[in-house]
Amino acid sequence: MNQAEFTRIFCERPAGYAWFLGAGASHNANLPTAEDIISDLKRRYYCSEENQTFSTKDLQNDAVRAQVEAYVQSRGFPERWSVSEYTTYFETIFGDDRERQRHYISSILAEDRVRLAVGNRVFGALLASGMCRMAFTTNFDPVVEKAVAEISGKTLSAYHLEGPQNAVSALNNEQYPVYCKLHGDFQYDSIKNLPSDLATQNEELSKCMAIAGSRFGFVVAGYSGRDESVMALLRAIVEAPNPFPHGLYWLKMRRSKPLDSVTALMRNAKAAGVRAEFVDIDTYDTVMLRLWRNLPDKPDELDAKVRKGRVERVQITIPAPEGGKPVLRFNGLPMIQVPTTCTKVKLKSATSWEAIAELKRKPETGAVLTFDGDVMAWGKPDDIKDSFGTDFLDQSEMTFDPDWRTGSRLHIKNFLEEGLGWALCRERPLLQRRQRSGVSLIVDHKAQNVGILEDLYREVGKVTGLVPGLSLPATEEHNAVHQVHFAEAVHLSLSYADERLWLLLKPDVWIWPTFARQHATQFLDRRKAERRNDKHDHLLSAWIGILSNHAGRNVEVTVSPFEDGVDYANPVFGFSTQTGFAMKKGRK
């Protein structure tokens with residue numbers, strides 16, 4: 001399942017879900033994950049046995065990490081990623097000395113180390129607002145408690161191994177929120193880390209979680225599933241009556257493979273009639289912020305605390321453009337027209353952003369595409385239809401808001417930039433390549449009509465060619481490259497400033513193949529060495545001439561990505577050829 005579908009499901013009834021948090025949910029709060037702790041315990045064991053002085057930072061070196069790993073493997077420790085790694089290393093380092101355990105845990109998870117990230121603030125707001133009623137964790141750290149305090153000014157007391165009987169009472173009496181630390185709290189005496197400890201869970205806390213599993217759906221975040229006692233508890237819930245009535249959603253990093261035990265749990269849950277889905281995410285922070293943005297009726301005071309790093313509108317008085325001469329030329333052209341309609345594509349089966357992104361990468365796709373709950377497209381009807389093959393059902397007109405700042409809809413920004421890039425390449429000897437932000441338009445070395453490139457040629461000489469003396473041997477990732485090419489390029493992006501939309505231009509040099517760019521730094525340094533001040537000004541003018549087909553200064557130009565087609569499927573973009581300027585303040 002993708003994040004968009006999960007967001008829609010969760011936001012319909014957020015209070016219907018309990019959360020289960022692992023160490024990954026605290027990682028961005030400057031605290032270690034279980035894997036980090038395992039690596040540190042391996043380091044401690046190696047250093048004590050071999051009389052070495054490797055620090056935690058040394059483990060960032062691949063050679064050091066490999067040396068330590070090879071050593072512990074030679075001593076018969078569990079293989080890396082084994083479910084028994086965590087408990088085995090704790091037992092080896094600390095024996096059954098719980099005071100030493102507690103001291104170690106308290107030093108690496110101390111509250112003064114916590115730096116709340118946006119995902120932690122979102123979770124604190126969910127608990128403080130009542131949109132999350134139940135939460136369980138294997139973590140010892142104080143991240144959740146600190147998040148609730150920072151967001152709402154309220155205190156949150158966790159139920160843990162000392163006084164666990166109160167958790168069931170609180171749940172049955174609906175004294176929400178209920179937050180349970182299944183493995184204890186390092187601030188108290190009882191914590192679970194050793195094999196004997198983790199073989200079973202506390203009976204009262206287990207009962208509380210079992211009851212919650214029959215009343216709530218569950219969202220699992222930042223948890224790998226290595227703790228057999230927890231997995232046994234989840235399996236028991238699946239086998240009990242009415243398991244996870246609103247579903248079981250396991251958040252996992254994109255392209256990661258879950259443990260076999262987790263896969264089996266999800267398979268058994270589906271067999272029991274539970275909607276059990278893996279949700280591919282990029283990070284805990286991104287998915288939590290996505291959920292928060294889409295929740296209806298968020299308290300304003302909590303929203304302000306959650307999104308305290310967001311951009312705020314400011315009022316800066318801009319002097320009138322009169323008096324002195326311009327002192328600085330900007331690289332932005334004012335946009336005078338942007339499309340507000342496109343094609344809505346209806347498919348036979350449900351799709352996702354990942355599927356659309358994969359389709360966009362295929363060279364045979366002849367349309368500009370994005371996904372916003374609906375598939376949005378620009379292109380000729382037949383090309384749009386052919387892009388989706390047998391899954392295509394219908395297409396129609398739809399209207400959209402091109403101001404992507406509403407809801408931080410950056411996919412709309414990308415949609416506009418790609419459409420504009422297609423339009424500018426249609427009648428010009430240019431190729432388009434998508435980048436993380438914006439697009440690059442690259443001079444086509446196969447182009448026959450070079451007259452439009454005359455001004456650019458005058459400034460830089462050859463606009464395409466071979467990088468002299470550069471060839472690359474074969475590697476595991478790439479075949480040998482005997483010829484590396486370059487071409488003049490311009491990077492385009494759209495941006496708002498002074499409540500206006502601007503087309504930003506950044507002249508550049510493109511390298512083919514793209515992975516060879518890191519090897520062509522000397523060539524790029526030489527080629528771009530003098531591109532400052534007047535030279536940069538002339539390059540900017542040359543590119544404006546190319547993109548406007550030399551329309552002249554202060555002229556409004558319109559372009560479309562396709563020769564014909566219905567209006568909503570063939571958008572019109574308009575921009576002025578007059579760049580922005582900073583003016584010298586005139587005398588009064």
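Author: The model is predicted, so to speak, with conditions: local features need pLDDT of at least 70, side-chain atom pairs count only at pLDDT 80 or more, and totals for chains, interfaces and linings use all residues. Residues are numbered from 1 along each chain as its sequence is written, and side-chain values use heavy atoms, with hydrogens and water left out.

Reader: What makes a stretch count as a helix or a strand?

Author: Both are DSSP runs, numbered from the N terminus: a helix is H or I with at least four residues, a strand is E with at least two. Helix H6 covers residues 118-129 and has 12 residues.

Reader: How do you know what span is expected for H6?

Author: The expected span is 1.5 Å times one less than the number of residues. For H6 that is 16 Å. From its first C-alpha to its last, H6 reaches 16 Å, close to the expected value. Gly130 follows H6, and its phi is positive, near 85°.

Reader: Why is H6 called largely enclosed?

Author: Buried means under 20% relative accessible area, exposed means over 50%, and partly exposed lies in between (1.4 Å probe, protein chains only). In H6, 11 of the 12 residues are buried, so the rest of the structure largely encloses this helix. Among the buried ones are Val118, Phe123 and Leu127. Their cover includes strand S1 (17-21), strand S2 (134-137), H7, helix H13 (284-294) and helix H14 (300-306). Across the protein, 49% of the 588 residues count as buried.

Reader: Why is the link between Arg434 and Glu417 called a salt bridge?

Author: The rule asks for a side-chain nitrogen of Lys or Arg within 4 Å of a carboxyl oxygen of Asp or Glu. Arg434 and Glu417 meet at 3.4 Å, N to O, so the pair passes the rule. Arg434 sits in strand S13 (residues 430-434) and Glu417 in helix H17 (residues 410-426), 17 residues apart.

Reader: Are Arg434 and Glu417 buried or partly exposed, and how do you know?

Author: Arg434 has a relative accessible area of 31%, so it is partly exposed. Glu417 is at 3%, so it counts as buried.

Reader: What makes Glu488 and Arg527 a link between separate parts of the chain?

Author: Their side chains meet in a salt bridge of 2.9 Å, N to O. Glu488 lies in strand S16 (residues 485-497) and Arg527 in helix H19 (residues 521-528), so the pair ties together parts 39 residues apart in sequence. Both Glu488 and Arg527 are buried. Elsewhere, salt bridges with shared partners join Glu5, Arg275 and Glu277 into one network. The count of salt bridges comes to 25.

Reader: What makes a group of residues a nonpolar core?

Author: The members must be buried Ala, Val, Leu, Ile, Met, Phe, Trp, Tyr or Cys, joined through side-chain atoms within 4.5 Å. The largest such core has 43 residues. Those with the most contacts inside it include Trp378, Leu441 and Leu492. Apart from it lies another core of 39 residues, among them Met1, Val122, Leu251 and Trp292.

Reader: Which residues does Leu492 touch, and what counts as a contact?

Author: Contact means heavy atoms within 4.5 Å. Not counting residues up to four places away in sequence, Leu492 touches Leu424, Gly438, Val439, Leu441, Leu503, Leu504, Leu505 and Leu547.
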